[in-house]
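Please open the structure in your viewer and keep the selection panel at hand, as each stop on this tour begins with something to select.

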Amino acid sequence: MPSDVFHRLHPTSLLFGLASVLRGFLLPAVVVLVLGRGRGAELWLALLAVPAAIAAIVRYVSYSFSLGDDELVIKEGILHRTERHVPYPRIQSLDTTRGPLHRLLGVADLSVQTASGAEPEAVMRVLSLAAIESMRRHVFDRRAALGGAVDGERATATEVPQDRSVVARATTGELVRYGLIANRGLVALAAAAGAVWQLDVVPDEAELWRDVAGRLPGVELGAPAEVAAVVAATLVAAFVVLRLLSVGWALVSLHGFELARHGDELRTRFGLLTQRTLTIPRHRIQLVEVEQGVLHRLLGRFSIRARTAGAIAPDQSGAGRDWLHPVADRQVLAAVLDAAHDDLDLDAVRWQPVAAGAVGRRSRALILRSLAPLLALAVPLGPRVLLAAPVVALVAALVARRQIAVLGWAVTPTTVWLRWGWLRRRIRVVPMAKAQSVAVAESPFDRRRGMATLEVDTANAGPLGAAIRIPYLERALADRLWADINDRTARTRFRW
Amino acid sequence: MTDHHPAAPVDPLAPVDDGRLRSLDPRVVEVERLGGGLGVGCLTLGVGGGTLLAMVQLLGQPLAMAAVGVGALALVGAAAWGAWAWPPLAFRHQWYRLDERGLEVRRGVLWRRVLFVPRSRIQHTDVNQGPIERHYGLAHLVIHTAGTVSAAVRLEGLDQDTAVRIRDRLVRVDDDDAV
């Protein structure tokens, strides 16, 4: 595509624009129709829909973009004109999303991701697949040409002569396992329940309950044992249904999951109805997280995520952009870690324990934290609740022991590892080159025991605060590690 | 960690990035006290209003009124004492150190923290001044990194000149950052 020539979006963009307007008005329209309230309601609705449709048409007509030598330029708007310039070196990835309509028409939504901000820099709805490919090639060529002199690694990130090697695939069986683990059934159910509630077509609940119970053979409400049996049966049925829904959700949203490596980039592709391709440049991976919940452990699987620079807006479906693999076994885990970054060998990590006094401290903290709500409950429910105190304290102490037993860390010349969590086991690894700052923190309780906490921060570390937080370290050790990591990070240049 | 105190204020004309541990400017204590005083003033207004209302409600019960009055006085007194006594304490527990590797900031009386930001991670720096700071000739430095917790590291209580000098020393000459 030559520069300075401005292109329009694909003609079917108009269709998609109108379709999204319709979708926005669908639920109110259904509500109005079903409730049949008010004479002019339908007219009002139509009146409101028309300006929205006109806006969609205007948006399409006024949208144009050009692929220059140095940057992508996007112009849109008639009344409010905006012109956006996105320099190629800033473009982290070009991701596509394709719903069923997209697939039918051979087009896709393209989102231009940069390292800054949670929202994509630009979302182009829609472009033909050929246009997207040619755009990808152009952007990557220019990016390599512009950034090639500084670091050799980036120069190899050109699109065309790339060897594409598949790192991992998720078979249907794996996705079923994931569905069982992830328990997303509630999401699907909540959506359905919400819709039903909105439409107000469900009769009074008590009646419904009586109706259902009346149909069950030999059940008469009022007999406690039978009520209990009904409740238990309902719970079991609900559990099974939710798991089935979750499996269905997994099969649909992660269908055909594939992780491939294109030189310096990782690409994931997944989805049945809506197919997504997401790009994760390797050098932008700030930290890798491996997770194993109880069900994961039962099935011998791991979930692997990567956090990249530039905040990532979580996907609504929960199949977030930071997946490296939702359900990997031990071998696939090794392959994925290897593909994500050099020196990520989980088996070679020599986990170090925390300070010896950690168990005592953690036990005390947990016991206090679990007895406090018990005390609070004793006020309304009476002092008999306190009889449970020894049991609660014992459980808290056992949990604390387990937590500290699992807690481990490791610092290699190029990475920092942390392992924690007794129920949901988590492992995090941060490449030293991605560390933004290092801190040693000391609470008064730490000070009393001669301990400290080491914190390593990266970009986009997530809601938990610093990317890696190692508590209960001996203070001298914490200071030494701090100085060590300072040295290494000060010597390395940070590159996005 | 934060156990030792520098013997004397460091010569302000010495180069800022000599790698020595430096205290903040002592004037920051007054700035903090003033700020704290303003806060206590607002608190007094609020507590005073609340006490008046309570007194009106409790007219005729001298014991209760006395209790409320004493309680309000105690609250305001404690806040005022805190605003007076805290800043010098916090000041004694704050240091920074700048050298060719990066910036180190030590802070905290009870909950202590030593933070290090390598030079190469500093995206950009701001030198800001609030109105009270401006009156006293102070400024604070805000160092931005790409981190999450350390996205904006603040160094308050710096002399204006010193802050500008630190910022100048931190400006990265080699800017190959793609972003």
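Helices (H or I, at least four residues) and strands (E, at least two) are DSSP runs, numbered from the N terminus. This is a predicted model, in which local features need pLDDT of at least 70 and side-chain atom pairs count only at pLDDT 80 or more, while totals for chains, interfaces and linings use all residues. Residues are numbered from 1 along each chain as its sequence is written, chains are lettered from A in the order in which they are written, and side-chain values use heavy atoms, with hydrogens and water left out.

Start by selecting helix 2 of chain A, residues 41-62, which supplies five residues, the largest share of a nonpolar patch. The patch lies on the surface, and A:Leu18, A:Val50 and A:Ile78 are among its members, which together have about 530 Å² of accessible area. Patches here are made of residues with over 30% relative accessible area and no salt bridge, with nonpolar side chains (Val, Leu, Ile, Met, Phe, Trp, Tyr) joined within 5 Å and like charges within 9 Å; the areas come from the Shrake-Rupley method with a 1.4 Å probe, and for residues only the protein chains shown count as cover.

Next, pick A:Ile54 in helix 2 of chain A, which counts as partly exposed because its relative accessibility is 46%, between buried (under 20%) and exposed (over 50%).

Now show both chains: 28 residues of chain B are in contact with 40 residues of chain A, where contact means heavy atoms within 4.5 Å. Finally, select B:Arg101 and A:Asp487, whose side chains meet in a salt bridge at 2.6 Å, N to O, the cut-off being a side-chain nitrogen of Lys or Arg within 4 Å of a carboxyl oxygen of Asp or Glu.

Notes:
Buried means under 20% relative accessible area, exposed over 50%, partly exposed in between (1.4 Å probe, protein chains only).
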